[in-house]
Amino acid sequence: MSTARSRPMQHVDRKSLYTDLEVRIRYLHSFLDFGASDIEALRSGSKYIQALIPAVVNIVYRKLLQYDITARAFQTRSTAFEGPMDADPDETSPQILHRKLFLRAYLKKLCSDPTQMEFWEYLDKVGMMHTGLGRARPLHVEYIHIGAALAVIQDVLSEAILSHPRLTLARKIAIARAVGKVIWIQNDLFARWYVTDGDEFTAGVDYTAAFLDEGNKEGFLRGKKVLDPEEEEENQESEKEKQNAKQQNGEASEEASKESERISCPAQQREGDRGQKGMKAGVCPFTGIMVGMQGLELGEDEGRGKAGIDGTVSKEVEVVNGE
């Protein structure tokens, strides 16, 4: 006995899923109900996510360097890095500091405009380059490690967002859901280059030659610079200069007090040995980081931006005490 459908069944052309990125993205948006409410949540919550990026980067690389099978990827020279390399890299190694800048820039890219196809094109290219395609010096990272790293990013971001002391519960959920959907689409755009599904449609395509010929080296898309690790380095230097200025003006005492709170926080102490001692359920690894975010608050009109898949975006996002 058949049951009535709430919506008419939609047709999806299988070949197009593997040969047309825009069709694939539209299908994923529709299936995940990624729509106006998610886009609004990402835009209004981007400053919260960006405030967490430095900590997320450190956690991810600490995790990657914890296992020999993932650390060995950093013994292969990156296309964009010409500096010295440590044979046994740690968090202070030149190649790790360079890769951290790229991860910071990538996570900032996740806070850009998801209504533009270029946003998803770059996420797709990230997936492709980890299989060794489109790089002058091929580097293949096995998919199991990609999925695990994405899971860590989603885990720490979700926990931090849901533990924020000033956001309403509805806003926390909206941001966490939207971030989760973007990360899972990114996961699919990794899997697209790893799995063999649809190979009958794409056999014989030389992606490496196509991307290198079009000026799509690492950090670029169709000749346009998308990620800028040099800017990240300049931002870090700027932050150091600000901190030095604060110390000279006698304003460092409050920051020192906050730093003391962060260091003394059991959750922060636990973060350093997450993989060795295991995680204690219910403890937020960003408890200390939240201190620097308490001045940010969003408008509490949770009724705007109803879920949908039409791609429309509410322009009535209100940000209070923020830029």
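This note goes through the model point by point, from confidence to core, salt bridges and surface.

1. **Ground rules.** This is a predicted model, in which local features need pLDDT of at least 70 and side-chain atom pairs count only at pLDDT 80 or more, while totals for chains, interfaces and linings use all residues. Residues are numbered from 1 along each chain as its sequence is written, and side-chain values use heavy atoms, with hydrogens and water left out.

2. **Confidence.** pLDDT is the predictor's confidence in each residue, from 0 to 100. The protein chain has a mean pLDDT of 73. In 56% of its residues the value reaches 70 or more. Helix α2 has the highest confidence, at 97. Strand β4 (residues 319-320) has the lowest, at a mean of 30. Over residues 256-323 the pLDDT is below 50. That stretch still has 122 contacts in the model beyond near neighbours in sequence; contact means heavy atoms within 4.5 Å. Where pLDDT is low, the predicted coordinates should not be read in detail.

3. **Overall make-up.** The protein chain has 14 helices and four strands. These are DSSP runs numbered from the N terminus: helices are H or I with at least four residues, strands are E with at least two. Of the 323 residues, 43% are buried. Buried means under 20% relative accessible area, exposed means over 50%, and partly exposed lies in between (1.4 Å probe, protein chains only). Among contacts in the protein chain with a separation of 6 or more, 72% join residues 24 or more positions apart.

4. **The core.** A nonpolar core is a set of buried Ala, Val, Leu, Ile, Met, Phe, Trp, Tyr and Cys residues joined through side-chain atoms within 4.5 Å. The largest one holds 49 residues. Val-56, Leu-107, Trp-120, Leu-123, Val-179 and Val-182 touch the most other members. Two or more residues come from each of α2 (21-32), α3 (36-64), α5 (94-109), α6 (117-129), α7 (143-162) and α8 (169-194). Helix α3 gives the most, with 13 residues. In soluble globular proteins, nonpolar side chains tend to be buried together.

5. **Val-179 up close.** What does Val-179 contact, leaving aside its neighbours within four places in sequence? Its partners are Leu-42, Ile-49, Leu-157 and Ile-161.

6. **Salt bridges.** Side chains of opposite charge can pair when their charged atoms come close. The rule here is a side-chain nitrogen of Lys or Arg within 4 Å of a carboxyl oxygen of Asp or Glu. The count comes to nine salt bridges. One of them joins Arg-14 and Glu-200, with the closest N and O atoms 2.9 Å apart. Arg-14 lies in helix α1 (residues 14-19) and Glu-200 in helix α9 (residues 199-202), so this pair ties together parts that are 186 residues apart in sequence. Arg-14 is partly exposed, at 42% relative accessibility.

7. **A buried pair.** Asp-38 and Lys-181 also form a salt bridge, at 3.1 Å from N to O. Asp-38 is in helix α3 and Lys-181 in helix α8, so the pair ties together parts 143 residues apart in sequence. Both residues are buried. Elsewhere, salt bridges that share partners join Arg-62, Glu-91 and Lys-100 into one network.

8. Glu-22 forms a salt bridge with Arg-26, the closest N and O atoms being 3.1 Å apart. Both lie in helix α2, four residues apart, about one turn of the helix. Glu-22 is partly exposed at 37% relative accessibility. Arg-26 is exposed at 57%.

9. **Arg-99.** Is Arg-99 buried or exposed? Arg-99 is buried, with a relative accessible area of 17%. Its place is in helix α5.

10. Asp-33 sits in the loop between α2 and α3. This residue has a positive phi of about 55 degrees, although it is not a glycine. Most residues other than glycine have a negative phi. Asp-33 is partly exposed, with a relative accessible area of 33%.
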